[in-house]
Amino acid sequence: MSDMGSATRHRVWVTFLVTPPLAVMAVFVVYPILSAFSYAFFAWHGLSREAFVGLENFVDLFTKPHYAQPIMRAFGHNLIVLAALLVVQNGGGFLLAWFLHREPFGFRFHRVAVFLPVILSSVIVAFLWKLLLHPNFGAVNGALNAAGLGSLALPWLGDSRTALAALIFANAWHWIGFPTLVFLAGMQRIPREVLESAELDGASQIQVLRRIVWPLAAPSATVTFTLLFIGAFNWFELPYLMTGLEGSPFGSTDVLGLVFYRLAFGNQSASVQDFGHGSALATLLFLFMAAVATAATIRLRRREIAL
């Protein structure tokens, strides 16, 4: 009888602890997501919801050129952003973490300096890099002119050949401290004796990195890749702040986040709101990201075990 009373009190206590966070999740996460999903199945006239149209909004995104063309172009840009940041941001973060892990002179200062840009808001980062990349008085072109390389000075954000690369570089500068910190935490879990034994056996730094550090830091790689993938396809703030809602110049920096915003809330030239197609695009983007992130996480977890 006493055991039954104890079990009942335990269930009541667990219910008391679990119910509030579940209620908050339901109200502030699940309900907004389901509402956005439901909007995609209706026609909209401004803010007024009209007739139920089923999957018509989804089909329009792929069959009508004025929807399909910018979406496919933006999707390609998101893929480029993912690939470039995977090399520059995550790859650079891994090498920086290895450099800091070896505790060079002033390594505590270097740790702070590498992570410092992460705490800056995107607005400040965008303003800073717009100044640095300004074609007339920016520090980048000024340095090139001072070095006698004036022919390389370009309107970095105004040239369709360089605008997306400039945004990717600014984003990598902003966030490279995060993968560095994650990789560094993973490296610090590796016993010093293992690394010292490899060095005593004559292993080069590249061999140590490839055969010891990288496999043992695999859980950190899983975390950083998954977050990078989500961030690359959620990319909105920096392109919006630095090149505008249209993905200027000539759509060369357009990404899916900007396309969704223009569809759902209109733009400066045509402030027509289309919640139906905007919600359809948001739904597809959410499902795509959830599926790929889940599959990648499972694949990378299995790789961790294999290594």
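**View 1. Salt bridge between Arg161 and Asp159.** In this predicted model, the side chains of Arg161 and Asp159 meet in a salt bridge at 2.7 Å, N to O, where the term denotes a side-chain nitrogen of Lys or Arg within 4 Å of a carboxyl oxygen of Asp or Glu. Arg161 is exposed, with a relative accessible area of 67%, whereas Asp159 counts as buried at 12%; buried means under 20% relative accessible area, exposed over 50%, and partly exposed in between, with a 1.4 Å probe and protein chains only. By the salt-bridge rule, the count comes to 7.

**View 2. Salt bridge between Asp254 and Arg73.** The side chains of Asp254 and Arg73 form a salt bridge with an N to O distance of 3.1 Å. This pair links distant parts of the chain, 181 residues apart, since Asp254 lies in the loop between helix 12 (237-243) and helix 13 (256-265) and Arg73 in helix 3 (residues 65-101); helices are DSSP runs (H or I, at least four residues), numbered from the N terminus. Asp254 is buried at 0% relative accessible area, while Arg73, at 36%, is partly exposed.

**View 3. Salt bridge between Glu246 and Arg262.** Here the side chains of Glu246 and Arg262 meet at 3.9 Å, N to O. Glu246 lies in the loop between helix 12 and helix 13 and Arg262 in helix 13, so the pair ties together parts that are 16 residues apart in sequence. Glu246 is partly exposed at 36% relative accessibility, and Arg262 is buried at 15%. Salt bridges that share partners join Arg73, Glu246, Asp254 and Arg262 into one network.

**Notes.** Residues are numbered from 1 along each chain as its sequence is written, and side-chain values use heavy atoms, with hydrogens and water left out. Because the model is predicted, local features need pLDDT of at least 70 and side-chain atom pairs count only at pLDDT 80 or more, whereas totals for chains, interfaces and linings use all residues.

Terms used: Helix = DSSP H or I, 4+ residues; strand = E, 2+ residues; numbered from the N terminus.
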